[in-house]
Amino acid sequence: MTLKIGVIGTGAIGKEHIHRITHKLKGAQVVAVSDVNLEQARAVVEGENLQAKVYERGVDVINASDVDALIVTSWGPTHEEFVLASIAAGKPVFCEKPLAVTAEGCRQIVDAEMAAGRKLVQVGFMRRFDQSYRQLKQVLTANTIGAPLILNCSHRNPQSPSSDFSGDMALTDSCVHEFDVLRWLLDDDYVSAQVIQPRKTRLCDAELQDPHVILLRTRQGIHISIESFVNCQYGYDIQCQVVGETGTANLPEPASVPVRREAKLSSDILVSWKDRFIDAFDVEFQEWIDATVRGEMTGPSAWDGYVVALTGDACVKAKYSGQIEPIELPECPAFYR
Ligand SMILES: NC(=O)c1ccc[n+]([C@@H]2O[C@H](COP(=O)([O-])OP(=O)(O)OC[C@H]3O[C@@H](n4cnc5c(N)ncnc54)[C@H](O)[C@@H]3O)[C@@H](O)[C@H]2O)c1
Ligand SMILES: O[C@H]1[C@H](O)[C@@H](O)[C@H](O)[C@@H](O)[C@H]1O
């Protein structure tokens with residue numbers, strides 16, 4: 001069976017996903033697209049040589065009779081509406097992060113999915129599908145470095161990731177990837193957050209605080225430090241080091257040829273999330289397509305999206321209070337265990 005997909009949002013990542021589904025992956029076809037920028041949606045259909053209808057409204061893609069499943073890659077504040085409409089239509093939906101821009105919005109989605117009685121929602125936390133994170137998890141699972149005690153992580157973008165990047169988006173839009181992948185890596189949850197605002201870089205919008213340092217504590221007492229620096233200038237650099245009782249384990253660097261030349265040793269650093277996680281996105285979508293065809297949902301769930309949003313909210317609160325703020329997670333419903 002070929003899974004017939006409708007895509008809402010044909011911007012940067014929407015285009016990427018349409019391309020990989022059409023030209024790289026197996027088992028799915030994009031049959032409908034929508035974007036408030038209709039011209040752009042039409043250009044993507046033409047550029048990718050798709051046999052797909054272009055709809056003015058996302059909700060019409062969701063309700064189209066030939067669409068089996070949805071991909072939501074529109075602007076973050078629209079996600080909640082489209083995910084809820086997909087659940088109401090009884091159709092599986094892959095939603096790019098954030099699941100919703102508020103924790104309340106994520107909770108509505110969790111409640112709607114549980115009421116529907118079937119897992120339909122997957123959230124685009126692609127790092128769980130990245131080979132280097134999977135290798136790091138294997139090292140921890142094999143107990144190679146003993147119990148994890150401390151994590152030192154960095155999330156660095158060369159420049160602010162989008163033109164509308166503002167306010168606390170470093171905490172609610174960028175570091176969501178760390179919030180998700182680290183609890184998955186450790187099989188743990190967070191209990192508190194503290195946010196430090198170091199000296200600001202001059203090389204960004206004057207109103208933006210950049211960088212941030214986020215300190216999280218987990219139920220097992222593991223201390224996590226995340227440096228978020230979204231205008232670091234030099235590249236797209238994601239780091240994670242786990243300090244365990246008997247050793248340390250680092251997230252492997254993306255492969256690059258070390259060059260020795262003119263008394264220097266150098267290797268390339270990537271500059272975009274598109275390249276750093278290109279293979280992870282491919283694996284993420286192939287697994288989603290295959291699971292959806294089997295009638296299953298195996299990736300990061302709406303509950304994961306909700307936990308991440310609660311963590312982001314606690315970080316925003318901690319940023320302005322200057323205090324260590326508790327992260328109070330409700331018990332995970334049996335539906336998601
Ligand atoms: N997983 C990742 O690493 C990753 C990377 C980039 C973006 N994202 C997420 O993907 C989403 C899109 O990001 P992007 O970089 O492609 O942004 P973008 O601005 O390039 O694209 C967003 C698109 O959504 C469209 N849009 C806005 N409102 C809409 C509506 N009501 N109906 C249909 N289309 C609408 C816009 O016209 C635009 O084309 C964001 O939520 C972002 O956080 C995730
Ligand atoms: O939307 C983007 C994307 O998710 C990237 O992976 C991340 O590095 C950026 O900081 C974020 O804002």
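**A strand residue and its surroundings**

Mentor: Start in strand β6, residues 121-123, where you find Q122. Keep in mind that this is a predicted model.

Is Q122 buried or exposed? Count the C-beta neighbours inside 10 Å. Q122 has 26 of them. The cut-off for a buried residue is 20 or more, so Q122 counts as buried.

Now look at what Q122 touches. Leave out residues up to four places away in sequence, and the contacts are F94, W288, M297, G299 and P300. One more pairing deserves a look. Q122 and D304 are 182 residues apart along the chain, yet their C-alpha atoms are separated by 9.1 Å.

Next, the annotated spans. An unreviewed UniProt entry gives residues 3-125 the label "domain: Gfo/Idh/MocA-like oxidoreductase N-terminal". Over residues 3-125 the chain is 42% helix and 21% strand.

Go to the helices. The axes of α4 (residues 79-88) and α5 (residues 103-116) come within 10 Å and cross at roughly 5°. Angles under 35 degrees count as roughly parallel, so α4 is roughly parallel to α5. From α4, the contact uses E80, V83, L84 and I87. From α5, it uses G105, Q108, I109, A112, E113 and A116. By class, the residues of this contact are 6 nonpolar, 2 polar and 2 charged.

A cis peptide bond joins K97 and P98, with omega about -5°. P98 lies in the loop between β5 (93-95) and α5. A cis peptide bond also joins D210 and P211, with omega about 5°. P211 belongs to the loop between β8 (190-196) and β9 (212-218).

Helix α1 spans residues 12-23, and H23 is part of it. H23 has 9 C-beta neighbours inside 10 Å, so it counts as exposed. H23 and E48 are 25 residues apart in sequence, while their C-alpha atoms are 8.7 Å apart in space.

Helix α1 also matters for ligand 1. It supplies 3 residues, the largest share of the shell around ligand 1. There are 25 residues around ligand 1, and G11, A12, S74, W75 and E96 come nearest. Sorted by class, that shell has 7 nonpolar, 14 polar and 4 charged residues.

Which residues surround ligand 2? They are N157, P161, D173, S174, H177, V230 and W273. The classes here are 3 nonpolar, 3 polar and 1 charged.

Now some loop residues. Q159 is in the loop between β7 (148-156) and α7 (169-174). With 14 C-beta neighbours inside 10 Å, Q159 counts as partly exposed. Q159 and S272 are 113 residues apart in sequence, but 9.8 Å apart in space, C-alpha to C-alpha.

Finally, check the backbone at two residues with positive phi. Q233 is not a glycine, yet its phi is about 75°. Q233 lies in the loop between β10 (223-229) and β11 (237-244). It has 12 C-beta neighbours inside 10 Å. A residue is exposed at 12 or fewer, so Q233 counts as exposed. E262 is not a glycine either, and its phi is positive at about 45°. E262 lies in the loop between β13 (259-261) and β14 (264-266). E262 is exposed, with 6 other C-beta atoms within 10 Å.

Back to the starting point. Q122 is buried, and its contacts include F94 and W288.

Methods. Residues numbered from 1 in each chain as written. Chains lettered and ligands numbered in written order. Predicted model: local features only at pLDDT ≥ 70, side-chain atom pairs only at ≥ 80, totals over all residues. UniProt positions renumbered as here; feature names shortened; annotations may be inferred. Helix = DSSP H or I, 4+ residues; strand = E, 2+ residues; numbered from the N terminus. Near = placed C-beta within 6 Å. Nonpolar A, V, L, I, M, F, W, Y, C, P; charged D, E, K, R; others polar. Axes fitted to C-alpha atoms, helices over the stretch in contact; angles between N-to-C directions. Parallel < 35°, antiparallel > 145°, perpendicular 65-115°, else oblique. Contact = placed C-beta atoms within 7 Å.
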